[in-house]
Amino acid sequence: MKLLWDLINPGTDSSIERKDSPAVLTAMISAWSFLLSTIDGWRLSHKNWQGAITYFSNILDSNDEALCAAACEALALVFESNCLEKFSSKTKDSNKELKDNIIKQLRSRLSETGNERISSQDPRTGFNSASAALDFLEVLI
């Protein structure tokens with residue numbers, strides 16, 4: 001899981017240069033999310049995943065629907081793990097604010113997809129992961 005994270009989000013001190021296509025990045029995020037779904041929250045290290053929420057929320061602004069869907073799913077899993085302090089560099093008091101900002105970002109994305117940018121549903125499945133993630137996060141609050 002750590003190896004995937006290092007490929008997904010090479011740090012500033014890393015010699016890895018990002019040349020991956022959105023499809024490859026989507027696959028890596030989906031694989032990371034799958035692994036996250038199999039791990040208990042208490043087994044997650046604080047030092048390995050700092051900044052994951054910020055990274056995935058930044059991806060929500062991407063024009064690639066599949067990439068945004070993978071980021072939405074990863075964010076939903078992170079919030080479901082109930083270990084936000086392990087994925088964010090923010091203090092525990094700002095977790096509510098963090099959720100609110102992501103909900104606002106998802107709402108904005110959904111309103112944009114309804115208008116012009118990209119289709120709101122995956123044409124293969126008919127599933128709208130941004131909408132599902134928004135519904136999930138709103139229930140958590």
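These legends describe close-up views of a predicted model.

**View 1. The largest nonpolar core.** This core holds 35 residues. Trp-5, Ile-8, Ile-29, Trp-32, Ile-53, Phe-56 and Phe-87 touch the most other members. Seven elements are listed as giving two or more residues each: helix 1 (2-8), helix 2 (22-37), helix 3 (52-59), helix 4 (65-80), helix 5 (84-87), helix 6 (95-115) and helix 7 (129-140). Helix 4 makes the top contribution, with nine residues.

**View 2. Surroundings of Phe-87.** Phe-87 is among the core residues that touch the most other members. Leaving aside residues up to four places away in sequence, Phe-87 touches Trp-32, Leu-36, Leu-44, Trp-49, Gln-50, Gly-51, Ala-52, Ile-53, Val-78 and Ser-81. Phe-87 also belongs to an aromatic cluster, together with Trp-5, Trp-32, Trp-49, Tyr-55 and Phe-56.

**View 3. The aromatic pair Trp-5 and Trp-49.** The model has eight aromatic pairs. In this one, the rings of Trp-5 and Trp-49 lie 6.4 Å apart, centre to centre. Their planes make an angle of 75 degrees, and the pair is edge-to-face. The pair links distant parts of the chain, 44 residues apart. Trp-5 sits in helix 1, and Trp-49 in the loop between helix 2 and helix 3. Trp-5 is buried, at 3% relative accessible area. Trp-49 is buried too, at 4%.

**View 4. The aromatic pair Trp-32 and Trp-49.** Here the ring centres of Trp-32 and Trp-49 are 5.8 Å apart. The planes stand at 65 degrees, so the pair is edge-to-face. Trp-32 belongs to helix 2, while Trp-49 lies in the loop between helix 2 and helix 3. The two are 17 residues apart, and the pair links distant parts of the chain. Both residues are buried.

**View 5. The salt bridge of Lys-2 and Asp-6.** The model has one salt bridge. It joins the side chains of Lys-2 and Asp-6, with an N to O distance of 2.8 Å. Lys-2 is partly exposed, with a relative accessible area of 36%. Asp-6 is also partly exposed, at 29%.

**View 6. Ser-33 and its contacts.** Ser-33 lies in helix 2. Its relative accessible area is 6%, so Ser-33 is buried. Not counting residues up to four places away in sequence, Ser-33 touches Ala-70, Ala-74 and Leu-77.

Definitions and conventions
Residues are numbered from 1 along each chain as its sequence is written. This is a predicted model: local features need pLDDT of at least 70, side-chain atom pairs count only at pLDDT 80 or more; totals for chains, interfaces and linings use all residues. Side-chain values use heavy atoms; hydrogens and water are left out. A nonpolar core is a set of buried Ala, Val, Leu, Ile, Met, Phe, Trp, Tyr and Cys residues joined through side-chain atoms within 4.5 Å. Buried means under 20% relative accessible area, exposed over 50%, partly exposed in between (1.4 Å probe, protein chains only). Helices (H or I, at least four residues) and strands (E, at least two) are DSSP runs, numbered from the N terminus. Contact means heavy atoms within 4.5 Å. A salt bridge is a side-chain nitrogen of Lys or Arg within 4 Å of a carboxyl oxygen of Asp or Glu. Rings of Phe, Tyr and Trp (its six-membered ring) pair if their centres lie within 6.5 Å; planes under 30 degrees apart count as stacked, over 60 as edge-to-face and the rest as tilted.
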